[in-house]
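Let us take a friendly walk through a protein model. Please have a look at it before reading on.

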Amino acid sequence: MKKSLLVLTTLALGISLAACGKNDNSNNAGASGSGLSGSIIAAGSTALQPLVDAASKKFMETNGSVSITVNGGGSGAGLSQVAEGTVQIGNSDVFAEEKLKDADADKAKALVDHQVAVVSIAAVSNKDVGVDNLTKAQLVDIFTGKVKNWKDVGGKDEKVVLVNRPASSGTRATFEKYALGAKSEDLPDSITEDASGTVRKLVSETPGAIGYLALSYLDDSIQALKYEGVEATTDNVAAGTYPVWAYEHMYTKGEPDGALKAFLEYMVSDEIQQKEVKDLGYIPVNDMKVTRDVQGNVSNK
Amino acid sequence: MNMTETRLQADSISMPGDRRLPKHRLEELRGKSYVLLCVLLLIVIIFSIVYFIASRGLTPFLSQGVRIGDMLGGLKWSPEADTPLLGALPFLFGSFATSLLAAVIAAPLGICAALFMTEMMPKVGKNILQPAIELLAGVPSVVYGFVGLSVVVPFLRNNFPGQGVGVLAGAIVLSVMILPTITTIATDALRTLPAGLKEGSYALGATRWQTLSRLVIPTALPSLMTGVVLGIARAFGEALAVQMVIGNAPHIPHSLFQSASTLTSIITLSMGNTTSGSLHNNALWSLALILLLMTFLFVFIVRLLEGRVKRV
């Protein structure tokens, strides 16, 4: 008995390994109950993951025969996987055109964008720097290493410590594009961290530290800096006066149908937008009074 | 006698009527094929991993126009720039600096602890100290990283120049992580020394110090070094804990208290944010390939050391 169990386990392991190779999660297997069924896998951005996860749980409560799995992995991984067809939804912090460039540009064309929320990013600093407002030029000087001391931007005589994100990060791309207007370098002696929690901890503890965080991560341990005199608040973002924000995207390969379409429509319904989106610190995409395209051109709705 | 009897019995039971294999043969065949299947599965897995990493990791050199020398010797890492530069020397330096420094801190501690547990107080050592040290090996690396970020980094920041993050913080965290490896292997090596060696030494009138320093340590040295090399290998491959405390600036640091990067930390930082097939992503696979080759090197060194143990 024991031996056959052992053999069975090995076989099961081998088969499951072999099954890893092919992935055919069809998402419209038939109709039952609410008329929707199938399995959906979403992967990608860890910044968007909590929202999609919460929404998928609510969606599955009313649509029992639909199963939705939400994985992380990062925006790049999400876009690659949805382009390859291994997942149905690729979550991303940036436009697919910004990640899938050059040889991969064709892949981006096959993807359909669904903007489900807006994330705004604020420059944050340690509480001791003696500055609460920075202009664009001052931010650029700080993040390119021209300004090395807070007294040069009107603060205390203290060394500036940069807490940056990795060059591939969506948060950094948004911050560089809309706050700095230029790419920044990884300077010697700067700190680079990917996790927002770690960035907040380091900025709050390191004297003279400056970094940037999504609004949902702001708390009393750090100081959010005004940008050109404008405070980073939900209202200012929605009105279009605070420019450092980006869409959270859910990409599908081709136009969605069936359960997939229903779920994506549910994501932008008031039920999710006014509850989960706000609770989790995002800004509802329906509240935005301005829109922005891939090139970054802002226009009124 | 007894064995042959039962075997004959088994044969005679299975014989009448059918021409199937006798029961014990069948059992053996089943066992053999099961073991063979396991080994084959292992070999297939190992080779597919190596093949996969190599095929991705070599792409930048074969088809994306990156020169191997530029990557191994380059100082500037800016893969997202308009003209991407992929100098990985700072990461190689960071990996070697942190893991060697960690070994320098942990090796004396681990070996002395092993000596204490085997030679000084074997009972306490075996019953209390060894389980405690082995417990350290079971602590998840993210916990080490978080402790490092909450305790080691603020300590360094308050007592030394710099922001606390850097090579030294990484090395301190790693040294605690590899301490169990070094101690456990050293303890095993010291325990398996023939008792006659020490008894002979004591019988000749040598003191405990003389016995330990001139006989026990030199005899067990290759095994002790095996432990240290395995420790370095573990430190070299550790990603999460180091990434949390080292700072991750892609530059060669000028002091122990300056932010630096390792091969592993840069891979974990960027892998998820890049799309597969892009130059940045493939360059990260190249770093993974370098890591894999380094692991092979460490295994090779360990085999070499083990060979020396056998000759002694």
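Is the crossing of α6(B) and α7(B) left-handed or right-handed? The crossing of these two helices is right-handed; a crossing is called left-handed if the near helix is turned anticlockwise from the far one by less than a right angle, and right-handed if clockwise.

Before going further, note that this is a predicted model, in which local features need pLDDT of at least 70 and side-chain atom pairs count only at pLDDT 80 or more, while totals for chains, interfaces and linings use all residues. Residues are numbered from 1 along each chain as its sequence is written, and chains are lettered from A and ligands numbered from 1 in the order in which they are written.

**Two helices in chain B**

Helices (H or I, at least four residues) and strands (E, at least two) are DSSP runs, numbered from the N terminus. Helix α6 (residues 141-159) of chain B packs against helix α7 (residues 167-191) of chain B at an angle of about 135°, with 10 Å between their axes. Axes are lines fitted to C-alpha atoms, for helices over the stretch in contact, and angles run from 0 to 180 degrees between N-to-C directions. This angle makes α6(B) oblique to α7(B); angles under 35 degrees count as roughly parallel, over 145 as roughly antiparallel, 65 to 115 as roughly perpendicular and the rest as oblique. Among the residues that make the contact are Tyr144(B) and Gly148(B) of α6(B), and Ile172(B) and Val176(B) of α7(B). Two residues are in contact if their C-beta atoms, placed from the backbone, lie within 7 Å.

**A helix with a buried face in chain A**

Chain A has 11 helices and 14 strands, and 45% of its 301 residues count as buried. A residue is buried if 20 or more other C-beta atoms lie within 10 Å of its own, exposed if 12 or fewer, and partly exposed in between.

Which residues of α2(A) are buried? They are Leu51(A), Val52(A), Ala55(A), Ser56(A) and Phe59(A). Seen down the axis of α2(A), these buried residues fall within an arc of 125°, so they line one face of the helix; the arc is that of the directions from the helix axis to the C-beta atoms. The face turned away from the buried side carries the exposed residues Lys57(A) and Glu61(A). Elements that cover the buried residues of α2(A) include β1 (38-44) and α10 (258-267) of chain A.

**Where the chains meet**

The contact between the chains takes 33 residues from chain A and 31 residues from chain B. On the side of chain A that touches chain B, α3(A) gives the most, with five residues.

Most residues other than glycine have a negative phi. Asp189(A) and Asn248(B) have positive values although neither is a glycine.

Finally, look for Phe61(B) in helix α2 (residues 23-62) of chain B. Phe61(B) counts as partly exposed because it has 17 C-beta neighbours inside 10 Å. Leaving out residues up to four places away in sequence, Phe61(B) touches Val66(B) and Ile68(B).
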